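Q: I am new to this structure. Please show me how to read its main features.

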Amino acid sequence: MADANSILDTKLREIFGYTSFNPHQREIIDAIRSGRDCLAILPTGSGKSLCYQLPAILSGEKLAIVVSPLISLMKDQVLQLNQLGEYAVLLNSSLSREDYSKNIARIVSGQVRILYVAPETLMKPHVLNLLDRVSISFLTIDEAHCISEWGHDFRPEYRQLATLRERFPGLPVLALTATATKRVQKDIVTSLHMKTPALFVASFDRPNLFLEVKEKTNGFKQLTAFMERFANQSGIVYCASRKETEQIVTKLTKQGISALPYHAGMSAEDRNRNQEAFIRDDVNIIVATIAFGMGINKPDVRFVVHYDLPKNIESYYQQIGRAGRDGLPAHCLLLLGYGDISKIRYFINQKEDEHEKRIAGNQLSVMLAFAEATCCRRIPLLRYFGESYQKENCGACDNCVDGVRAETRDLTVEAQKFMSCVWRTGQMFGMGYIVNVLLGSTEKRVLQKGHDRLSTWGIGKDHSRQAWQQLGRQLIAHGLLSQDPTYGGLKLTAAAWPVLRSGKKFTGHMDEGKAATKPAAKKAVAARREDVLSDPAKRNLFEELRQKRKELATEMDMPPYVVFSDRTLVEMVEHRPATLSELTEIHGVGAVKLKRYGQIFLSVLNDSR
Ligand code: ADP
Ligand code: ZN
């Protein structure tokens, strides 16, 4: 075993340029090499591809089949892998006749180790017949959750894969996915007739993602202020509507920030063009509706902003998951607008189907429990996936880093005051007016309506305006008050009465002073600045290396990350290799890339000395 281990280690370094395995990778590779079926559930960015790439490359003359649903992802994998050696081909109907035949010839003559193929192509008789003529090492099913009707992305063509077990008896199967509930796991195992599979389940936690939630006060200003820290870096901004997407792009462009939209209302051609521009670093920012992200593998997305509240915590997790795949720190900011929440509530209440209504309502509460958490954000996030997060301080969320966000306190009396004021003024006024009455305002409107004679007039003088508004927003967020989506008028909901009548406890925050712009949030920012090269000299060098990378990539008509990842460039800046042999110590520099690009990057490094 020691020998086998050292071969794996050597090849990992030599071919991929990595110094060590990520969690589970070695065990999965061992299992598959010993001929055992495996099911591995590992989050995005944990290095699932290596789990089949390395054993496939080490399989001598054999061919590993990798089934994957998205052509764009397969193309990307082939491109990246072939930078390390000519290891892989793709079979798919979009290839020209000539390329298709060429790829088939390479398979038959045993020149390649991996065949990437979509399930419907694989199941074609001529492809199956072709595979009868070669020796197959193992079968990998990527995105294996697609086989299950219980999964979020069921694909009927995946069902057919089961028949491969009869056609190729004894062939080990490796099923990979980033998300699978217990039910989906079971479904994968039975549908693929897996025999006593080795099961690997990693934590859903993505420790390199910094999680932050801020109250949305002036969304656009907050967005640009946030983005200042990420000059020249890639990021995604998610919005709720197509219109908003376009508006934000227009506003960003006006400020000289390069951004492109992506949403389902655009033609497929325009969408592809914008996605490609993003992947190739021709544009830094994509402003998108949820339609964006499925088919991309870009490892160096440094931030994801949610300009609007995501529909549920699962989509939130998937969307932030597109950041930091390379393992370097990335920042996820959610802007929480209390007005948006009442809009969502309004739409939920419009739903006819009671069942749907209940589900949507639950999803919103889970999302809010995360957004309004005062504890580590990883606790509610991972709880959703059935994990209990144990660390005292994650070091990568606003609440843990600030550490100053106050505990919630009993605000039952304040909630009663606020809500009875809403009631007594006739449930038609907005937040500002209600707070005016609570504070004992003598503005004309208050006097005209005779609201200075109400028992709730002036009973709120012991708190500031900001504190009352903050409370009002929490009452909306928790569904005790509803807000008219057009006029902003507040109304009590059924949930308000237990608090008003029988003193059911309500807890929350009321911070006097300017509550929303927590000074603590600044500290979170400071803690993050060292993320990527805060030193100006290093930063310059990083930019030069980046430029060189872009140049090479453009020449070869490829995305820059195919040449080297950001992580590789960052290490070059940090360690300053001066010779080819020093360069091999850098992450991601394998033998082939060393030969191809080593001198070019060394000269950039040496020129800067
Ligand atoms: P997943 O498919 O699980 O999302 P990928 O296979 O795309 O993950 O890998 C994510 C990133 O991690 C890639 O940039 C890959 O090069 C890198 N990676 C994979 N394995 C290792 C390793 N052992 N050491 C360092 N980096 C790795
Ligand atoms: Zn935390």
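A: Start with burial: a residue is buried under 20% relative accessible area, exposed over 50%, and partly exposed in between, with a 1.4 Å probe and protein chains only as cover. C38, at 0% relative accessibility, therefore counts as buried. C375 is partly exposed, with a relative accessible area of 33%. The model is predicted, so local features need pLDDT of at least 70 and side-chain atom pairs pLDDT 80 or more, while totals for chains, interfaces and linings use all residues. Residues are numbered from 1 along each chain as its sequence is written, chains are lettered from A and ligands numbered from 1 in the order written, and side-chain values use heavy atoms, without hydrogens and water.

Q: How many disulfides are there?

A: A disulfide is a pair of cysteine sulfur atoms within 2.5 Å. By this rule the count is zero. For C38, the closest cysteine sulfur is in C51, 8.9 Å away, which is too far for a bond. For C375 it is in C376, at 6.8 Å, also too far for a bond.

Q: What is a nonpolar core, and which residues touch the most other members of the largest one?

A: A nonpolar core is a set of buried Ala, Val, Leu, Ile, Met, Phe, Trp, Tyr and Cys residues joined through side-chain atoms within 4.5 Å. The largest here has 49 residues, and L211, F292, Y316 and F370 touch the most other members. Helix 16 (residues 354–371) contributes the most, six residues; helices (H or I, at least four residues) and strands (E, at least two) are DSSP runs numbered from the N terminus. Because domain 2 (209–384) and domain 4 (536–607) both give residues to this core, it lies between them; the domain bounds come from an automatic or database domain assignment.

Q: What does Y316 touch?

A: Contact means heavy atoms within 4.5 Å. Leaving aside residues up to four places away in sequence, Y316 touches L211, H306, P310, C332, L334, M367, F370 and L381. A second, separate core has 38 residues, among them V67, F168, A175 and V184.

Q: Is helix 11 enclosed or open, and what covers its buried residues?

A: Helix 11 (residues 219–227) is largely enclosed by the rest of the structure, because seven of its nine residues are buried. These are G219, F220, Q222, L223, T224, F226 and M227. Their cover includes strand 8 (209–215), strand 9 (234–238) and helix 12 (242–254).

Q: What does the whole chain come to?

A: Its secondary structure comprises 29 helices and 17 strands. Of the 609 residues, 55% count as buried.
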